[in-house]
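Visitor: I'd like to go through this one piece by piece. Please put it up.

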Amino acid sequence: MTPISGLVDPETRALLEPLLAKLARPGMNNPDDPDSPAGDAESPNLDHDALVKAAARDTRTAGQRGHDALKTGLRHLLGSGVLGSHRGLPVTAIITMTLQQLEDASGVATTAGGGIVPIRDALRMAEHAHPVLCLFDHHGRPLHLGRSKRLATADQRLALIASSRGCTRPGCDAPATMTAVHHIREWNHGAGTDITNEDLACDACHALVKDGPAGWRTRTAPPESEHPGRTEWIAPAHIDPDRQPRINHRHHLDDLLAQALQRARARRDADLRRHRECITRPDADHEAPEDGDVP
Ligand SMILES: [Zn+2]
C-alpha cells in the first residue's frame, strides 16, 4: 500500500467529481465482487437488476469506492492509447515476474516505476494483457537479442527493464521508467547495438559517461566476477582513486537478501555439524571453525 495525502486545485476537483459520480457509484467497479458491473451505469446495455443487487451487497466506504473508481479511470486512460508512447514503449503498466512466481502465484512482482505488486494482483491485471516471455541466463542477464539498428528496439528495452529494473550506476535509485538504453561500450567507438552491449541509465547518469579524466566509464562484469554480465561503472580518479568497478544494488535488494540468507543458513548448518560431532565424539580433536568452511 502506498500512502497518499494532499490538496488538489479547483480544476482537478471539478474534473474528479463527475469521474467519481460515474465510476464510484455503489455496486459499480467493485474489485471484491466479480459480478459488479463496469462501464457506463446509464447505458441501456448495462444490466440494471445486476447493478441494484451489486449495490445492495456493496459494503465499501465512500473513500474506498473513490479509490476503486480512480483505479478504473486510470485503467481506461492507459487502455485508450491516447497517451501514445514513452521512450519507445506504449504507455502501459510493465510488470515483471519470474516463471517460479507465476507457477507458485505467490510473492511480489516489480513494476518499471520501482513499485511492487502482489503476484495475485499482477495476474488479475494481466488477464486482458499480452504477456511477454523474456529468457535470462543463470545470472539474470537477458539472452542474446542482437539487432543491427542504432536505436534499441522495444523488445530489448523490455528485456532490460526486466533484468536491470532501473538505472545501473551504483547508488542511483531512478526506476526503469526514468532511464534510457545506454551503450556500455559507446556506439561511436565501434560497438554494436546488441543486448549484451546495452543497459539502462537515467539521463543524469548517462551524461557522466565521457572520454577524458573526469568521465565515468562502463563495462560488462567479466565471467569470474560475483555478478557476471551486469554493468559495472568505474568512477573517475578524483572520485575513486582506486577506480574500482562497481554495480548498482539499489534495484536488486531481493538478490542481496537471498545471498545473505544463503550465507546465514550455511553458517548455521556448519555450526550444527560441529555441535553434533562434539556430542557423538566428545574426546575427538575438533577442528576450530574456519572462515573458509562456509561457502
Ligand atoms: Zn542514474
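**Met 178 and the zinc site**

Visitor: Leaving aside neighbours within four places in sequence, what is Met 178 in contact with?

Guide: Leaving those neighbours out, Met 178 has contacts with Arg 87, Cys 202 and Asp 203. Contact here means heavy atoms within 4.5 Å.

Visitor: What am I looking at, and how are things counted?

Guide: This is a predicted model, in which local features need pLDDT of at least 70 and side-chain atom pairs count only at pLDDT 80 or more, while totals for chains, interfaces and linings use all residues. Residues are numbered from 1 along each chain as its sequence is written, and side-chain values use heavy atoms, with hydrogens and water left out.

Visitor: Back to Met 178. Where does it lie?

Guide: Met 178 is in the loop between α6 and β6. Helices (H or I, at least four residues) and strands (E, at least two) are DSSP runs, numbered from the N terminus.

Visitor: What coordinates the zinc ion?

Guide: The SG atoms of Cys 167, Cys 172, Cys 202 and Cys 205 coordinate the zinc ion, at 2.3 Å. Donors are N, O and S atoms within 2.8 Å of the metal (3.2 Å for Na, K and Ca); water is not among the atoms, so sites may look incomplete.

Visitor: Which geometry does the site of the zinc ion have, and what spacing do the donors follow?

Guide: The site is tetrahedral, with angles of 98 to 117° among its 4 donor atoms. Four donors count as tetrahedral if all angles lie between 85 and 135 degrees; four count as square planar and six as octahedral if opposite donors are over 155 degrees apart and all others between 65 and 115; anything else is irregular. Along the chain, the spacing of the donors is C-x4-C-x29-C-x2-C. Cys 172, in the loop between α6 (154-164) and β6 (179-183), and Cys 202, in strand β7 (residues 198-202), are 30 residues apart, and this pair links distant parts of the chain.

Visitor: Are Cys 172 and Cys 202 buried or exposed?

Guide: Cys 172 is buried at 13% relative accessible area, and Cys 202 is buried at 7%.

Visitor: How many disulfides does a search of the whole structure find?

Guide: The count is 0. A disulfide would be a pair of cysteine sulfur atoms within 2.5 Å.

Visitor: Which residues make up the largest nonpolar core?

Guide: It has 9 residues: Cys 167, Cys 172, Ala 174, Ala 201, Cys 202, Cys 205, Trp 216, Trp 233 and Ala 235. Another core, of 8 residues, lies apart from it and includes Leu 160, Ala 176, Val 181 and Leu 200. A nonpolar core is a set of buried Ala, Val, Leu, Ile, Met, Phe, Trp, Tyr and Cys residues joined through side-chain atoms within 4.5 Å.

Visitor: New topic. Where is Thr 179?

Guide: Thr 179 belongs to strand β6 and is buried, with a relative accessible area of 0%. Its side chain reaches the backbone oxygen of Ala 176 at 2.7 Å. That is a polar contact: a pair of N or O atoms within 3.5 Å where, within protein, one must be able to donate a hydrogen and the other to accept it, and residues adjacent in sequence count only if both atoms are side-chain atoms.

Visitor: What about α6, how many of its residues are buried?

Guide: Of the 11 residues of α6, 8 are buried, so the helix is largely enclosed by the rest of the structure. The buried residues of α6 pack against β2 (89-90), β3 (95-96), β6 and β7. Just after α6, Arg 165 has a positive phi of about 70°.

Visitor: And His 252, where is it found?

Guide: His 252 sits in the loop between β9 (231-234) and α8 (253-280), and is buried at 5% relative accessibility. A polar atom of the His 252 side chain lies 3.3 Å from the backbone oxygen of Ser 164.

Visitor: Last one: how many helices and strands does the protein chain have?

Guide: The chain has 8 helices and 9 strands. Of its 295 residues, 30% are buried.

Methods:
Buried < 20%, exposed > 50% of the residue type's maximum accessible area, 1.4 Å probe, protein only.
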